[in-house]
Amino acid sequence: MRSIPERMARGSPGGGPAARANAMSEVLLKGLKKVYDGGVTAVHDVNLAIKDKEFIVLVGPSGCGKSTTLRMVAGLEEISEGELYIDGRLCNNVEPKDRDIAMVFQSYALYPHMTVYDNMAFALKLKKVPKAEIDKKVKEVAAILDITQYLNRKPKALSGGQRQRVAIGRAMVRDPKVFLMDEPLSNLDAKLRNQMRAEIIKLRQRINTTFMYVTHDQTEAMTLGDRIVIMKDGFVNQIGTPVEVFDKPVNLFVAGFIGMPVMNFFDNCKLLYENDTYYVQIRNAKIKLDDFQQKALKQNNQPACDIVCGIRPQHISVGEGDLVATIEVNEMLGSEVNLHARSDADEVVMVIPTVDLTVDVSQGATVNFTTQPKLIQMFDKATGNNLVWYDADSANANAPVCKSYDF
Ligand code: ADP
């Protein structure tokens with residue numbers, strides 16, 4: 001099977017999806033709200049400016065309102081309040097078929113009695129596109145997706161991954177301004193999901209359009225998104241690049257949702273302020289914070305308070321420091337070892353590169369551990385907001401991003 005970049009190097013027939021390269025496709029969600037008939041508010045005040053050709057991923061646990069948001073953009077759900085603009089055009093009352101969007105669903109039901117070719121041609125036939133043009137388009141998209149050899153088959157004679165490609169192809173032939181995808185990979189097994197994820201990344205480079213992609217899977221979000229929108233209970237909690245949401249989570253929810261294994265949280269810690277200097281007290285360890293944190297906390301006039309501390313498993317080092325834990329489970333993965341340890345009341349997960357191991361970490365061993373101060377996240381115990389990264393202005397505008405500092 002030739003890879004998509006190879007085919008790009010060979011060039012593809014003119015026109016087609018790539019021809020849209022110069023078209024603009026910005027999507028603006030202004031205060032979008034959805035109240036379902038029974039009175040359930042599924043989405044509260046979503047504000048999001050999607051840039052031309054940006055790949056935006058909406059992510060969050062089941063029921064957080066991501067599909068509803070996408071379906072409002074698609075025109076499959078009425079917008080209860082707010083405004084939706086596609087390319088500057090107010091689209092609240094525009095019919096789905098006139099929005100210049102295409103959507104791929106988790107349950108992408110192909111027409112079983114039609115061949116792959118006819119499945120892909122169907123929407124264009126309905127639009128009364130000339131036959132020769134349909135033929136050219138279907139073949140061109142089939143070549144991009146590597147399904148040319150299946151064009152005469154019926155869907156039942158295809159594997160899950162091939163069917164998924166046909167579903168994507170069916171959407172692509174319409175040359176959408178915006179590609180909407182609702183959990184398109186969640187019906188596939190793990191191996192195929194990884195493969196298709198890579199294909200979507202390549203596809204994106206090839207067709208160069210704006211994507212809105214819904215998933216509950218943080219790995220999918222991190223690997224696919226230019227920016228990620230993290231939702232909970234119908235509210236956007238943070239909008240940011242994968243690096244931002246990983247390094248600068250604005251609250252406990254985002255910190256716990258993004259990252260694998262999940263961030264360790266130490267409840268009942270303290271932020272101390274002594275002689276003009278901030279420290280965190282985690283159990284018996286008093287840790288002086290980094291310069292950047294000192295400046296940020298000072299700028300925020302942060303008083304001493306009760307906090308929850310967060311430390312990522314990958315940011316822990318063993319064999320040094322004042323914190324002590326007993327190893328309960330040791331999972332050797334080759335290049336790294338995952339340790340599940342107990343430190344008084346806390347369960348602590350550590351991911352340690354094997355090259356950095358200098359002490360015994362077998363089951364039952366007691367180890368000292370620590371982290372670099374700059375890698376400690378501090379959350380207000382009362383609000384769950386990150387003392388450094390929560391930005392009240394953006395949160396009040398319901399477009400929460402991490403705070404920026406100019407030092
Ligand atoms: P997600 O895609 O994040 O899993 P959804 O957008 O599907 O979440 O749903 C958000 C909330 O809206 C959920 O509480 C869900 O039960 C509710 N909901 C979804 N569709 C409907 C509907 N047609 N009528 C009433 N409530 C709905």
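Helices H3 and H5 are roughly parallel to each other, a label used for angles under 35 degrees. This is a predicted model, in which local features need pLDDT of at least 70 and side-chain atom pairs count only at pLDDT 80 or more, while totals for chains, interfaces and linings use all residues. Residues are numbered from 1 along each chain as its sequence is written, and side-chain values use heavy atoms, with hydrogens and water left out.

Let's stay with that helix pair. H3 spans residues 116-126 and H5 residues 160-172; they pack at an angle of about 30°, with their axes 8 Å apart. H3 passes H5 in a right-handed crossing. On the H3 side, Val 116, Asn 119 and Met 120 make the contact, and on the H5 side Val 166, Gly 169 and Arg 170 do (contact means heavy atoms within 4.5 Å). These residues divide into three nonpolar, two polar and one charged, with Gly counted as polar.

Now turn to the ligand. Among the residues surrounding it are Tyr 36, Gly 63, Lys 66 and Thr 68, each with a heavy atom within 4 Å of the ligand. Tyr 36 places a polar side-chain atom 3.4 Å from a ligand nitrogen atom. A polar side-chain atom of Thr 68 lies 2.4 Å from an oxygen atom of the ligand, and a polar backbone atom of Gly 63 is 2.7 Å from a ligand oxygen atom.

Most residues other than glycine have a negative phi, and most peptide bonds are trans. Met 260 and Pro 261, however, are joined by a cis peptide bond, with omega about -10°. Arg 283 has a positive phi, near 50°.

Technical notes
Axes are lines fitted to C-alpha atoms, for helices over the stretch in contact, and angles run from 0 to 180 degrees between N-to-C directions. Helices (H or I, at least four residues) and strands (E, at least two) are DSSP runs, numbered from the N terminus. Angles under 35 degrees count as roughly parallel, over 145 as roughly antiparallel, 65 to 115 as roughly perpendicular and the rest as oblique. A crossing is left-handed if the near helix is turned anticlockwise from the far one by less than a right angle, and right-handed if clockwise. A polar contact is a pair of N or O atoms within 3.5 Å; within protein, one must be able to donate a hydrogen and the other to accept it, and residues adjacent in sequence count only if both atoms are side-chain atoms.
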